[in-house]
Amino acid sequence: MLSALSRGCVVFVQRYLPSPFVLVLVLTFIAFILAMTWTGQSFMDVTNTWGDGLWSLLKFSMQMALILVTGSALATAPPLRRFLDKVAAKVRTPGQAIVVVTLVALAACWINWGFGLVIGAIMAKTLARNVRGVDYPLLVAAAYSGFLVWHGGLSGSIPLAVATGGEALEKVSSGVLTQPIPVSETLFAPLNLIILAFMLVGLPLLNRAMQPKVPTTVDPALFGANEEEVLPAETPAQKLDDNIILSLMLVVVGAVFLGTYFFNNGFALTLNVVIMLFLFLGLLAHKTPKRYMRSVVNSMEGVAGILLLFPFYAGIMAVMNGAGADGVSLSGQISHAFADSANADSFPILAFLSAGLVNVFVPSGGGQWAVQGPIMMPAGDALNVAPQVTAMAIAWGDAWTNMIQPFWALPLLGIAGLDARAIMGYCLVALLYSGVVISACFYFFV
(Lines give C-alpha, C1' and ligand atoms only; values in the text may rest on other atoms or scores of the structure.)
Protein backbone atom coordinates (compact mmCIF):
# COMPACT_ATOMS: atom_id res chain seq x y z
CA MET A 1 0.00 0.00 0.00
CA LEU A 2 2.75 2.44 0.95
CA SER A 3 4.71 1.59 -2.16
CA ALA A 4 1.63 2.31 -4.27
CA LEU A 5 1.08 5.62 -2.47
CA SER A 6 4.68 6.71 -3.01
CA ARG A 7 4.52 5.64 -6.65
CA GLY A 8 1.36 7.69 -7.12
CA CYS A 9 2.95 10.72 -5.43
CA VAL A 10 6.05 10.43 -7.61
CA VAL A 11 3.96 10.28 -10.79
CA PHE A 12 1.80 13.20 -9.62
CA VAL A 13 4.78 15.41 -8.76
CA GLN A 14 6.67 14.60 -11.95
CA ARG A 15 3.56 15.38 -13.97
CA TYR A 16 2.34 18.55 -12.27
CA LEU A 17 5.14 20.13 -10.23
CA PRO A 18 6.77 22.91 -12.25
CA SER A 19 10.47 23.58 -12.19
CA PRO A 20 11.71 25.47 -9.10
CA PHE A 21 12.08 28.69 -11.11
CA VAL A 22 8.55 28.51 -12.50
CA LEU A 23 7.23 27.59 -9.04
CA VAL A 24 8.76 30.69 -7.45
CA LEU A 25 7.23 32.84 -10.20
CA VAL A 26 3.80 31.29 -9.57
CA LEU A 27 4.16 31.87 -5.81
CA THR A 28 5.16 35.47 -6.51
CA PHE A 29 1.98 36.18 -8.47
CA ILE A 30 -0.18 34.38 -5.88
CA ALA A 31 1.39 36.50 -3.13
CA PHE A 32 0.73 39.65 -5.19
CA ILE A 33 -2.94 38.80 -5.69
CA LEU A 34 -3.53 37.80 -2.07
CA ALA A 35 -1.74 40.86 -0.71
CA MET A 36 -3.85 43.21 -2.82
CA THR A 37 -7.07 41.33 -2.03
CA TRP A 38 -6.62 40.68 1.68
CA THR A 39 -4.67 43.72 2.86
CA GLY A 40 -6.11 46.41 0.59
CA GLN A 41 -2.76 47.41 -0.87
CA SER A 42 -2.54 48.77 -4.40
CA PHE A 43 -0.55 47.12 -7.14
CA MET A 44 2.14 49.79 -6.85
CA ASP A 45 2.31 49.37 -3.06
CA VAL A 46 2.93 45.64 -3.43
CA THR A 47 5.32 46.15 -6.34
CA ASN A 48 7.43 48.63 -4.37
CA THR A 49 7.51 46.29 -1.37
CA TRP A 50 8.52 43.40 -3.62
CA GLY A 51 11.24 45.38 -5.37
CA ASP A 52 12.72 46.64 -2.11
CA GLY A 53 12.79 43.12 -0.73
CA LEU A 54 14.42 41.37 -3.68
CA TRP A 55 17.92 41.85 -2.34
CA SER A 56 17.29 41.23 1.36
CA LEU A 57 18.71 37.68 1.14
CA LEU A 58 21.98 38.50 -0.65
CA LYS A 59 24.11 37.64 2.39
CA PHE A 60 22.17 34.43 2.96
CA SER A 61 22.39 33.53 -0.75
CA MET A 62 26.16 33.83 -0.61
CA GLN A 63 26.24 31.66 2.50
CA MET A 64 24.15 28.99 0.77
CA ALA A 65 26.36 29.09 -2.32
CA LEU A 66 29.46 28.66 -0.14
CA ILE A 67 27.81 25.84 1.80
CA LEU A 68 27.28 24.04 -1.51
CA VAL A 69 30.71 24.55 -3.08
CA THR A 70 32.78 24.02 0.07
CA GLY A 71 30.73 20.96 0.99
CA SER A 72 31.05 19.54 -2.50
CA ALA A 73 34.78 20.24 -2.59
CA LEU A 74 35.21 18.46 0.73
CA ALA A 75 33.16 15.51 -0.50
CA THR A 76 35.39 15.05 -3.56
CA ALA A 77 38.64 15.11 -1.58
CA PRO A 78 40.38 11.71 -1.88
CA PRO A 79 40.76 11.12 1.92
CA LEU A 80 37.07 11.76 2.62
CA ARG A 81 35.96 9.71 -0.35
CA ARG A 82 38.04 6.77 0.84
CA PHE A 83 36.58 7.08 4.34
CA LEU A 84 32.99 7.29 3.12
CA ASP A 85 33.60 4.38 0.76
CA LYS A 86 34.71 2.28 3.73
CA VAL A 87 31.58 3.23 5.64
CA ALA A 88 29.38 2.55 2.62
CA ALA A 89 31.09 -0.80 2.04
CA LYS A 90 29.43 -2.08 5.22
CA VAL A 91 26.02 -1.38 3.68
CA ARG A 92 24.97 -4.35 1.56
CA THR A 93 21.40 -3.77 0.35
CA PRO A 94 19.35 -0.87 -1.06
CA GLY A 95 17.07 -0.98 1.99
CA GLN A 96 20.03 -0.65 4.33
CA ALA A 97 21.36 2.25 2.27
CA ILE A 98 18.10 4.16 2.56
CA VAL A 99 17.90 3.59 6.32
CA VAL A 100 21.53 4.62 6.84
CA VAL A 101 21.30 7.85 4.83
CA THR A 102 18.08 8.81 6.64
CA LEU A 103 19.64 8.28 10.07
CA VAL A 104 22.81 10.17 9.10
CA ALA A 105 20.77 13.10 7.77
CA LEU A 106 18.50 13.17 10.82
CA ALA A 107 21.44 13.22 13.22
CA ALA A 108 23.37 15.82 11.21
CA CYS A 109 20.37 18.13 10.72
CA TRP A 110 19.57 17.93 14.44
CA ILE A 111 23.10 19.19 15.12
CA ASN A 112 23.01 21.89 12.43
CA TRP A 113 20.72 22.21 9.44
CA GLY A 114 23.37 23.48 7.00
CA PHE A 115 25.76 20.73 8.02
CA GLY A 116 22.99 18.16 7.69
CA LEU A 117 21.98 19.14 4.16
CA VAL A 118 25.53 18.76 2.87
CA ILE A 119 26.41 15.60 4.80
CA GLY A 120 23.13 13.96 3.74
CA ALA A 121 23.81 14.68 0.07
CA ILE A 122 27.41 13.46 0.32
CA MET A 123 26.32 10.25 2.04
CA ALA A 124 23.62 9.64 -0.57
CA LYS A 125 26.12 9.97 -3.43
CA THR A 126 28.58 7.68 -1.70
CA LEU A 127 26.00 4.98 -1.06
CA ALA A 128 24.68 5.22 -4.62
CA ARG A 129 28.20 4.70 -5.89
CA ASN A 130 28.76 1.62 -3.73
CA VAL A 131 25.38 -0.11 -3.36
CA ARG A 132 23.96 -1.75 -6.46
CA GLY A 133 20.29 -1.46 -7.26
CA VAL A 134 19.45 1.44 -4.93
CA ASP A 135 16.99 4.02 -6.24
CA TYR A 136 19.00 7.24 -6.37
CA PRO A 137 16.08 9.75 -6.25
CA LEU A 138 14.69 7.96 -3.18
CA LEU A 139 18.14 7.95 -1.60
CA VAL A 140 18.46 11.72 -2.06
CA ALA A 141 14.87 12.24 -0.87
CA ALA A 142 15.71 10.22 2.25
CA ALA A 143 18.69 12.51 2.84
CA TYR A 144 16.44 15.56 2.50
CA SER A 145 13.79 14.09 4.82
CA GLY A 146 16.29 14.45 7.67
CA PHE A 147 15.78 18.20 7.33
CA LEU A 148 12.37 17.73 8.98
CA VAL A 149 13.95 17.81 12.45
CA TRP A 150 16.13 20.90 12.09
CA HIS A 151 13.80 23.27 13.97
CA GLY A 152 13.59 20.80 16.83
CA GLY A 153 17.39 20.61 16.99
CA LEU A 154 20.37 22.57 18.19
CA SER A 155 20.25 25.13 15.36
CA GLY A 156 16.50 25.77 15.56
CA SER A 157 16.11 29.54 15.23
CA ILE A 158 12.83 29.88 17.16
CA PRO A 159 13.76 27.87 20.30
CA LEU A 160 17.12 29.65 20.33
CA ALA A 161 15.39 33.02 19.94
CA VAL A 162 13.09 32.43 22.92
CA ALA A 163 16.08 31.24 24.95
CA THR A 164 17.97 34.46 24.24
CA GLY A 165 15.61 36.88 25.95
CA GLY A 166 15.95 40.64 25.88
CA GLU A 167 13.91 43.44 24.37
CA ALA A 168 13.66 41.73 20.98
CA LEU A 169 11.93 38.69 22.51
CA GLU A 170 9.45 40.87 24.39
CA LYS A 171 8.66 42.75 21.18
CA VAL A 172 8.22 39.69 18.93
CA SER A 173 5.97 38.01 21.52
CA SER A 174 3.89 41.18 21.97
CA GLY A 175 4.83 41.34 25.64
CA VAL A 176 3.90 37.74 26.45
CA LEU A 177 7.53 36.79 27.14
CA THR A 178 9.50 39.07 29.44
CA GLN A 179 11.95 36.35 30.45
CA PRO A 180 13.76 33.83 28.25
CA ILE A 181 12.59 30.23 28.04
CA PRO A 182 15.50 27.79 28.44
CA VAL A 183 16.00 25.05 25.85
CA SER A 184 15.21 22.51 28.58
CA GLU A 185 11.58 23.62 28.15
CA THR A 186 11.63 23.64 24.32
CA LEU A 187 14.27 21.49 22.61
CA PHE A 188 14.66 19.06 25.50
CA ALA A 189 11.06 19.09 26.70
CA PRO A 190 9.21 15.72 26.60
CA LEU A 191 6.94 16.97 23.77
CA ASN A 192 9.85 17.76 21.45
CA LEU A 193 11.71 14.57 22.34
CA ILE A 194 8.63 12.47 21.58
CA ILE A 195 8.28 14.09 18.15
CA LEU A 196 11.97 13.51 17.47
CA ALA A 197 11.61 9.86 18.50
CA PHE A 198 8.77 9.36 16.03
CA MET A 199 10.90 10.93 13.30
CA LEU A 200 13.97 8.88 14.21
CA VAL A 201 12.09 5.58 14.15
CA GLY A 202 9.41 6.27 11.57
CA LEU A 203 11.21 8.12 8.79
CA PRO A 204 13.89 5.49 8.06
CA LEU A 205 11.24 2.75 7.94
CA LEU A 206 8.93 4.93 5.85
CA ASN A 207 11.66 5.73 3.33
CA ARG A 208 12.72 2.10 3.16
CA ALA A 209 9.15 1.00 2.46
CA MET A 210 8.91 3.36 -0.52
CA GLN A 211 11.47 1.49 -2.61
CA PRO A 212 10.16 1.18 -6.18
CA LYS A 213 10.08 -2.20 -7.89
CA VAL A 214 12.16 -0.82 -10.74
CA PRO A 215 14.82 1.46 -9.21
CA THR A 216 16.26 4.48 -10.96
CA THR A 217 19.96 3.82 -10.68
CA VAL A 218 22.57 6.52 -11.01
CA ASP A 219 24.95 7.08 -13.88
CA PRO A 220 28.51 6.73 -12.49
CA ALA A 221 29.49 9.73 -14.63
CA LEU A 222 27.39 11.89 -12.30
CA PHE A 223 30.00 11.55 -9.60
CA GLY A 224 32.90 12.52 -11.81
CA ALA A 225 36.28 10.93 -11.96
CA ASN A 226 38.66 10.63 -9.04
CA GLU A 227 41.01 13.54 -8.62
CA GLU A 228 43.30 13.65 -11.61
CA GLU A 229 47.01 13.50 -11.16
CA VAL A 230 48.63 16.92 -11.09
CA LEU A 231 51.55 17.31 -13.46
CA PRO A 232 54.88 18.31 -11.93
CA ALA A 233 55.23 22.06 -11.56
CA GLU A 234 57.80 23.68 -13.82
CA THR A 235 57.57 27.45 -13.46
CA PRO A 236 57.84 29.38 -10.16
CA ALA A 237 54.18 30.33 -10.46
CA GLN A 238 53.15 26.67 -10.92
CA LYS A 239 55.26 25.64 -7.96
CA LEU A 240 53.49 28.25 -5.86
CA ASP A 241 50.09 26.98 -7.02
CA ASP A 242 51.04 23.44 -6.00
CA ASN A 243 52.67 24.44 -2.70
CA ILE A 244 51.23 22.49 0.20
CA ILE A 245 52.92 24.83 2.71
CA LEU A 246 50.58 27.68 1.82
CA SER A 247 47.54 25.47 2.41
CA LEU A 248 48.87 24.22 5.75
CA MET A 249 49.66 27.75 6.94
CA LEU A 250 46.10 28.88 6.19
CA VAL A 251 44.63 25.77 7.82
CA VAL A 252 46.65 26.45 10.98
CA VAL A 253 45.36 30.03 11.13
CA GLY A 254 41.80 28.80 10.61
CA ALA A 255 42.20 26.11 13.27
CA VAL A 256 43.41 28.68 15.80
CA PHE A 257 40.44 30.91 15.07
CA LEU A 258 37.90 28.08 15.27
CA GLY A 259 39.49 26.66 18.41
CA THR A 260 39.20 30.04 20.09
CA TYR A 261 35.63 30.41 18.89
CA PHE A 262 34.50 27.04 20.25
CA PHE A 263 36.33 27.66 23.54
CA ASN A 264 34.49 30.96 24.02
CA ASN A 265 31.08 29.98 22.62
CA GLY A 266 30.79 26.23 23.07
CA PHE A 267 29.65 24.02 20.19
CA ALA A 268 27.62 26.77 18.50
CA LEU A 269 27.51 25.98 14.79
CA THR A 270 26.45 29.09 12.91
CA LEU A 271 26.31 29.09 9.12
CA ASN A 272 29.60 30.95 8.89
CA VAL A 273 31.29 28.47 11.22
CA VAL A 274 30.02 25.52 9.18
CA ILE A 275 31.35 27.13 5.99
CA MET A 276 34.74 27.71 7.64
CA LEU A 277 34.90 24.09 8.77
CA PHE A 278 34.14 22.83 5.26
CA LEU A 279 36.59 25.32 3.74
CA PHE A 280 39.60 24.47 5.90
CA LEU A 281 38.93 20.73 5.99
CA GLY A 282 38.57 20.72 2.21
CA LEU A 283 41.77 22.68 1.70
CA LEU A 284 43.61 20.32 4.04
CA ALA A 285 42.22 17.24 2.31
CA HIS A 286 43.07 18.47 -1.19
CA LYS A 287 46.56 19.50 0.01
CA THR A 288 47.37 22.23 -2.51
CA PRO A 289 45.58 25.46 -3.53
CA LYS A 290 45.46 24.39 -7.17
CA ARG A 291 43.72 21.08 -6.45
CA TYR A 292 41.24 22.70 -4.10
CA MET A 293 40.40 25.45 -6.57
CA ARG A 294 39.80 22.91 -9.32
CA SER A 295 37.40 21.03 -7.06
CA VAL A 296 35.52 24.23 -6.20
CA VAL A 297 35.19 25.14 -9.88
CA ASN A 298 33.75 21.67 -10.59
CA SER A 299 31.15 22.28 -7.88
CA MET A 300 29.87 25.59 -9.26
CA GLU A 301 27.14 24.23 -11.53
CA GLY A 302 24.82 23.52 -8.62
CA VAL A 303 24.96 27.16 -7.46
CA ALA A 304 22.82 28.39 -10.38
CA GLY A 305 19.51 27.62 -8.65
CA ILE A 306 20.52 29.47 -5.49
CA LEU A 307 21.69 32.57 -7.33
CA LEU A 308 18.55 32.77 -9.48
CA LEU A 309 15.79 31.74 -7.06
CA PHE A 310 16.75 33.25 -3.72
CA PRO A 311 16.12 36.90 -4.73
CA PHE A 312 12.62 35.97 -5.84
CA TYR A 313 11.92 34.24 -2.52
CA ALA A 314 13.20 37.37 -0.78
CA GLY A 315 10.66 39.37 -2.78
CA ILE A 316 7.85 36.99 -1.80
CA MET A 317 8.83 37.26 1.85
CA ALA A 318 8.69 41.05 1.59
CA VAL A 319 5.20 40.91 0.04
CA MET A 320 3.99 38.48 2.71
CA ASN A 321 5.29 40.74 5.47
CA GLY A 322 4.26 44.07 3.93
CA ALA A 323 1.41 45.69 5.88
CA GLY A 324 -1.62 47.46 4.49
CA ALA A 325 -3.28 50.61 5.83
CA ASP A 326 -4.56 48.75 8.90
CA GLY A 327 -1.05 47.55 9.76
CA VAL A 328 -1.81 43.88 9.06
CA SER A 329 0.29 41.89 6.59
CA LEU A 330 -0.71 38.92 4.45
CA SER A 331 1.18 36.59 6.79
CA GLY A 332 -0.63 38.24 9.68
CA GLN A 333 -4.01 37.68 8.02
CA ILE A 334 -3.27 33.97 7.65
CA SER A 335 -2.12 33.71 11.28
CA HIS A 336 -5.19 35.61 12.54
CA ALA A 337 -7.52 33.34 10.54
CA PHE A 338 -6.12 30.25 12.27
CA ALA A 339 -5.83 31.82 15.72
CA ASP A 340 -9.38 33.22 15.73
CA SER A 341 -10.91 29.79 15.08
CA ALA A 342 -8.97 27.97 17.81
CA ASN A 343 -9.70 26.86 21.35
CA ALA A 344 -7.27 25.74 24.04
CA ASP A 345 -7.17 22.17 22.72
CA SER A 346 -6.92 22.93 19.01
CA PHE A 347 -4.66 25.98 19.18
CA PRO A 348 -1.26 24.16 19.12
CA ILE A 349 -2.33 22.14 16.07
CA LEU A 350 -3.71 25.19 14.27
CA ALA A 351 -0.55 27.15 15.09
CA PHE A 352 1.45 24.28 13.57
CA LEU A 353 -0.72 24.18 10.44
CA SER A 354 -0.69 27.96 9.97
CA ALA A 355 3.10 27.98 10.25
CA GLY A 356 3.26 25.27 7.62
CA LEU A 357 1.14 27.32 5.24
CA VAL A 358 3.11 30.53 5.81
CA ASN A 359 6.37 28.61 5.33
CA VAL A 360 5.44 27.80 1.72
CA PHE A 361 5.74 31.53 0.98
CA VAL A 362 8.22 32.53 3.72
CA PRO A 363 10.74 29.66 3.92
CA SER A 364 12.76 31.21 6.72
CA GLY A 365 12.56 30.27 10.38
CA GLY A 366 13.65 33.69 11.58
CA GLY A 367 11.34 35.47 9.17
CA GLN A 368 8.44 33.27 10.16
CA TRP A 369 8.99 33.94 13.86
CA ALA A 370 9.06 37.71 13.22
CA VAL A 371 5.73 37.47 11.38
CA GLN A 372 3.80 34.94 13.47
CA GLY A 373 5.25 35.53 16.92
CA PRO A 374 3.43 38.84 17.56
CA ILE A 375 0.10 37.22 16.60
CA MET A 376 0.28 33.63 17.80
CA MET A 377 2.02 34.22 21.12
CA PRO A 378 -0.68 36.53 22.61
CA ALA A 379 -3.42 34.38 21.05
CA GLY A 380 -2.02 31.30 22.78
CA ASP A 381 -1.57 33.20 26.03
CA ALA A 382 -5.24 34.24 25.95
CA LEU A 383 -6.19 30.56 25.67
CA ASN A 384 -3.78 29.57 28.50
CA VAL A 385 -1.49 27.69 26.13
CA ALA A 386 2.09 27.65 27.42
CA PRO A 387 4.29 30.01 25.37
CA GLN A 388 6.92 27.31 24.83
CA VAL A 389 4.25 25.10 23.24
CA THR A 390 3.17 27.90 20.89
CA ALA A 391 6.78 28.62 19.95
CA MET A 392 7.54 24.98 19.17
CA ALA A 393 4.28 24.61 17.21
CA ILE A 394 5.43 27.45 14.95
CA ALA A 395 8.92 25.93 14.75
CA TRP A 396 7.69 22.49 13.70
CA GLY A 397 5.24 24.00 11.21
CA ASP A 398 8.12 25.91 9.64
CA ALA A 399 10.12 22.68 9.30
CA TRP A 400 7.17 20.55 8.16
CA THR A 401 6.32 22.04 4.74
CA ASN A 402 9.97 22.17 3.71
CA MET A 403 9.17 18.72 2.35
CA ILE A 404 7.19 20.34 -0.49
CA GLN A 405 9.19 23.58 -0.70
CA PRO A 406 12.31 23.21 -2.90
CA PHE A 407 13.90 26.38 -1.48
CA TRP A 408 15.97 24.49 1.11
CA ALA A 409 16.52 21.48 -1.14
CA LEU A 410 18.54 23.51 -3.66
CA PRO A 411 21.95 23.11 -1.97
CA LEU A 412 21.37 19.38 -1.50
CA LEU A 413 20.09 18.95 -5.07
CA GLY A 414 23.07 20.89 -6.39
CA ILE A 415 25.45 18.44 -4.74
CA ALA A 416 23.37 15.40 -5.70
CA GLY A 417 22.93 16.51 -9.30
CA LEU A 418 19.15 16.05 -9.40
CA ASP A 419 16.09 18.14 -10.20
CA ALA A 420 13.50 18.86 -7.49
CA ARG A 421 10.86 16.82 -9.32
CA ALA A 422 13.00 13.70 -8.88
CA ILE A 423 12.64 13.70 -5.08
CA MET A 424 9.51 15.69 -4.20
CA GLY A 425 7.12 12.79 -4.75
CA TYR A 426 8.83 10.82 -1.98
CA CYS A 427 9.06 13.96 0.15
CA LEU A 428 5.29 14.39 -0.20
CA VAL A 429 4.79 11.04 1.56
CA ALA A 430 7.19 12.17 4.31
CA LEU A 431 5.11 15.35 4.61
CA LEU A 432 1.91 13.35 5.12
CA TYR A 433 3.50 11.08 7.72
CA SER A 434 5.16 13.88 9.68
CA GLY A 435 2.05 16.07 9.54
CA VAL A 436 -0.08 13.38 11.16
CA VAL A 437 2.56 12.50 13.75
CA ILE A 438 3.34 16.08 14.79
CA SER A 439 -0.33 17.07 14.96
CA ALA A 440 -1.09 14.00 17.11
CA CYS A 441 1.80 14.82 19.44
CA PHE A 442 0.58 18.39 19.94
CA TYR A 443 -2.91 17.07 20.64
CA PHE A 444 -2.11 14.21 23.02
CA PHE A 445 1.10 15.35 24.77
CA VAL A 446 0.43 19.02 25.48
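**Pocket lining and backbone**

Analyst: This is a predicted model. The lining of the second largest pocket consists of 15 nonpolar residues, 7 polar ones and no charged ones.

User: What volume does the second largest pocket have?

Analyst: The volume of the second largest pocket is about 490 Å³. It is lined by 22 residues, and the closest to its centre are Trp113, Trp150, Ser155, Ser157 and Leu271.

User: Which elements give two or more residues to that lining?

Analyst: Those elements are α9 (157-164) and α19 (365-382). The largest share comes from α9, with 3 residues.

User: Where does Ser174 lie?

Analyst: Ser174 is in the loop between α10 (167-172) and α11 (190-209).

User: And is Ser174 buried, exposed or partly exposed?

Analyst: Ser174 has a relative accessible area of 40%, so it counts as partly exposed; buried would be under 20% and exposed over 50%.

User: OK, Lys287 next. What about its phi?

Analyst: Lys287 is not a glycine either, yet its phi is positive, at about 80°. This lysine lies in the loop between α14 (271-286) and α15 (289-298).

User: What is the relative accessible area of Lys287?

Analyst: For Lys287 the value is 43%, which means that Lys287 is partly exposed.

Notes
Residues are numbered from 1 along each chain as its sequence is written. This is a predicted model: local features need pLDDT of at least 70, side-chain atom pairs count only at pLDDT 80 or more; totals for chains, interfaces and linings use all residues. Side-chain values use heavy atoms; hydrogens and water are left out. On a 1 Å grid over the protein atoms alone, a cavity is a set of points where a 1.4 Å probe fits but cannot get out, and a pocket is an open set with protein on both sides within 12 Å along at least five of seven lines; lining residues have an atom within 4 Å of a point. Grid points are joined across faces, edges and corners, and a volume is the space filled by probe spheres set on the points. Helices (H or I, at least four residues) and strands (E, at least two) are DSSP runs, numbered from the N terminus. Ala, Val, Leu, Ile, Met, Phe, Trp, Tyr, Cys and Pro count as nonpolar, Asp, Glu, Lys and Arg as charged, and the others, Gly among them, as polar. Buried means under 20% relative accessible area, exposed over 50%, partly exposed in between (1.4 Å probe, protein chains only).
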